[in-house]
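Please find below a short note for a colleague who is meeting this structure for the first time.

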Amino acid sequence: MIRKLRLAVLYIAAGVMANAAPAQDLSALLIGEMRGLVVHEEPVAASALPFLRADETEGSLADYAGRYVVLNFWATWCAPCREEMPSLQALQTRLGGEDFAVVTLATGRNPPQAIRRFFEETGVTDLPEHRDINQQIAREMGVFGLPITVILDPEGREIARLRGDAHWDSPEAIALIEALLAGGEG
């Protein structure tokens, strides 16, 4: 009963925020799985350094300009990452498209074959196998410890950060991302 009440309040808050409140005010949505999300008062520049795609070509976060991005820093040896990854896949399946993407960035020593095996074992089929080989992007963005997930606005700036794992397919996470998409923050 209490959970249903909390979810009702969550969805009402999401609707109000999407229609009336400034898009930057996400405080009403920082509950449940999203209670640890830190929303920045001002957007922070994200790294422009390159990463490697699965095909060994270089890419960058700028490749995702124009979309909100849930950027997940992870590693194949990270136990909480193993728990979190299926929920990131579910979030991408539910909301991914022209306006939103989940981007995974394996940081440190993560051989391509280990990433493929990790994705197969966790049921991931639609997330990128990007690699931050020398942890240069992670270092530049102040990522210490894994997993860490940042939310980027359509201009490629970091607007929020969550340390540790979360269920990104939870009602709270879905409501937060939907509020961002409806509000057009950025």
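Helices (H or I, at least four residues) and strands (E, at least two) are DSSP runs, numbered from the N terminus. The model is predicted, so local features need pLDDT of at least 70 and side-chain atom pairs count only at pLDDT 80 or more, while totals for chains, interfaces and linings use all residues. Residues are numbered from 1 along each chain as its sequence is written, and side-chain values use heavy atoms, with hydrogens and water left out.

1. Helix 3 spans residues 112-122, and its buried residues (under 20% relative accessible area, 1.4 Å probe, protein chains only) are Ala 114, Ile 115, Phe 118, Phe 119 and Thr 122. These residues lie on the same side of helix 3 because they cover an arc of only 135° around the axis, taken from the directions from the helix axis to the C-beta atoms. The face turned away from that side carries Glu 120 and Glu 121, which are exposed, meaning over 50%. Gly 123, with a positive phi near 75°, follows helix 3.

2. The buried residues of helix 3 pack against strand 4 (68-74), helix 2 (79-95), strand 5 (100-107) and strand 6 (130-132), where contact means heavy atoms within 4.5 Å. In helix 2, Cys 81, Arg 82, Met 85 and Pro 86 meet Phe 118, Phe 119, Glu 121 and Thr 122 of helix 3.

3. Arg 131 is found in strand 6 and is buried, with a relative accessible area of 7%. Among the residues that Arg 131 touches are Phe 51, Leu 105 and Ile 115. The C-alpha atoms of Arg 131 and Leu 52, 79 residues apart along the chain, are separated by 5.1 Å.

Note on methods. Lists of a residue's contacts leave out its neighbours within four places in sequence.
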